[in-house]
Amino acid sequence: MKSIAVDMDGVLADVYRQFLEMHFQDTGEKISPEAIRGLKEAEAFPLLKKHVYAPGFFENAPLIPGAQDSLKKISAHYKVFIVSAATEFPLSLYEKQRWLNKHFPFIHWRQMVFCGSKEIIKTDIMIDDHFKNLDHFSGETYLFSQPHNETTSPGKHVRVSSWKEVEKLLLPDPDKWQQ
């Protein structure tokens, strides 16, 4: 069975929606997703550091649409590991594990990898929204579209914009798994 590494933030957890909401709560300013296309996260969200260090940020992130159902289907065909560069933010380790347990109860704790650099990851496939994680990976790579990477060519990576697209690429017969 092939193995697959799936990023959390920006692939399973909709941190962009959370950043937009928290920015509005803090400033009263609504930022449109179009206004931040092509900007690095720190440029798009001036209060980013405040938010990612705030208790509850990672535990309360909303889900990317379709992530739960698709990952459950994919788990029947691949050994799935959730791989998150979590050690930069001390609160995130505990919060990310709680978030995964809540939203992805079919993912065992042994399938959760919290690390600093993803260069050590050696699965067959990786899905991530950051080039820095995909560029050094030796297997198949899928770039999950997020505002920070939308205006950049995917290069050697396959761009995916939704979990339905991921299903079509990874599952042997996606129609068979529709409910």
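Residues are numbered from 1 along each chain as its sequence is written, and side-chain values use heavy atoms, with hydrogens and water left out. In this predicted model local features need pLDDT of at least 70 and side-chain atom pairs count only at pLDDT 80 or more, while totals for chains, interfaces and linings use all residues.

View 1. Helix H5 covers residues 92–103 and has 12 residues; helices (H or I, at least four residues) and strands (E, at least two) are DSSP runs, numbered from the N terminus. H5 reaches 16 Å from its first C-alpha to its last, close to the 16 Å expected at 1.5 Å a residue, where the expected span is 1.5 Å times one less than the number of residues. The buried residues of H5 are Ser 92, Glu 95, Lys 96, Trp 99, Leu 100 and His 103 (buried means under 20% relative accessible area, exposed over 50%, partly exposed in between, with a 1.4 Å probe and protein chains only). They lie on the same side of H5, because they cover an arc of only 135° around the axis, taken from the directions from the helix axis to the C-beta atoms. An α-helix has 3.6 residues a turn, so residues three or four places apart point the same way. Exposed Tyr 94 and Lys 102 are on the face of H5 turned away from its buried side.

**View 2. Aromatic rings.** The structure holds 9 aromatic pairs (rings of Phe, Tyr and Trp, the last by its six-membered ring, with centres within 6.5 Å; planes under 30 degrees apart count as stacked, over 60 as edge-to-face and the rest as tilted). The rings of Trp 99 and Phe 104 have centres 5.7 Å apart and planes at 45°, so this pair is tilted. Both Trp 99 and Phe 104 are buried. Elsewhere, ring pairs join Tyr 16, Phe 19, Phe 45, Tyr 53, Phe 57, Phe 58 and Phe 89 into a cluster.

View 3. S4 runs parallel to strand S1 (residues 3–6), joined by 3 bridges; strands pair if DSSP finds at least two bridges between them. Ala 5 stands opposite Met 126.

**View 4. Strand S5 and its partners.** S5 (residues 140–144) pairs with S4 in the parallel sense over 4 bridges. Tyr 142 in S5 stands opposite Ile 127, and its bridge partner in S6 is Val 158.
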